[in-house]
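Try each task before reading its solution.

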Amino acid sequence: MSRGYFRVSAPTESILALPVHPEIYYLAGRRNPTRFFNSAFGLQSNEDVRVLLEMFDSAPPRLVFFEPRDSFTSERCLQVMHVIRQRYKL
């Protein structure tokens, strides 16, 4: 099989790793659609959550990685994941 068979996202598409896994962006060669590498630091208010979800309306990440047992998983991260689960399929 060709390597392209396994490609899920194009190099120009973004991916999202929550709550914090910046190495995934590097290893995948894909960009982070947010301005933060750790959602516990980047999602400090409900307004931050609203802005992030609004951004996803116009430019959703192609893939989302989530580790719910990570010590940085916050209530706001879970709010984002709740919406993402409604929009994405496993």
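A residue counts as exposed when its relative accessible area is over 50%, and as buried when that area is under 20%. The model used here is predicted.

**Exercise 1.** Decide whether Phe 41 is buried or exposed.

Solution. Start by locating the residue: Phe 41 sits in helix H2, which covers residues 39–42. Next, take its relative accessible area, which is 51%. The cut-off for exposed is over 50%, so Phe 41 is exposed. Finally, look for Phe 72, 31 residues away along the chain: its C-alpha atom and that of Phe 41 are 8.9 Å apart.

**Exercise 2.** Find which backbone oxygens lie 3.2 Å and 3.3 Å from a polar side-chain atom of Thr 73.

Solution. First place Thr 73, which is in the loop between S2 and H4. The oxygen at 3.2 Å belongs to the backbone of Glu 67. The one at 3.3 Å belongs to the backbone of Pro 68. Leaving out residues up to four places away in sequence, Thr 73 touches Glu 67 and Pro 68, and also Pro 19, Phe 66 and Leu 78.

**Exercise 3.** Describe the lining of the largest pocket by element and by residue class.

Solution. Begin with the space, about 290 Å³ in the largest pocket. Then list lining residues, among them Leu 63, Phe 66, Met 81, Ile 84 and Arg 85. Strand S2 (63–66) and helix H4 (75–87) each contribute at least two residues to this lining. Last, sort the lining by class: seven residues are nonpolar, three are charged and none is polar.

Technical notes
Residues are numbered from 1 along each chain as its sequence is written. This is a predicted model: local features need pLDDT of at least 70, side-chain atom pairs count only at pLDDT 80 or more; totals for chains, interfaces and linings use all residues. Side-chain values use heavy atoms; hydrogens and water are left out. On a 1 Å grid over the protein atoms alone, a cavity is a set of points where a 1.4 Å probe fits but cannot get out, and a pocket is an open set with protein on both sides within 12 Å along at least five of seven lines; lining residues have an atom within 4 Å of a point. Grid points are joined across faces, edges and corners, and a volume is the space filled by probe spheres set on the points. Helices (H or I, at least four residues) and strands (E, at least two) are DSSP runs, numbered from the N terminus. Ala, Val, Leu, Ile, Met, Phe, Trp, Tyr, Cys and Pro count as nonpolar, Asp, Glu, Lys and Arg as charged, and the others, Gly among them, as polar. A polar contact is a pair of N or O atoms within 3.5 Å; within protein, one must be able to donate a hydrogen and the other to accept it, and residues adjacent in sequence count only if both atoms are side-chain atoms. Contact means heavy atoms within 4.5 Å. Buried means under 20% relative accessible area, exposed over 50%, partly exposed in between (1.4 Å probe, protein chains only).
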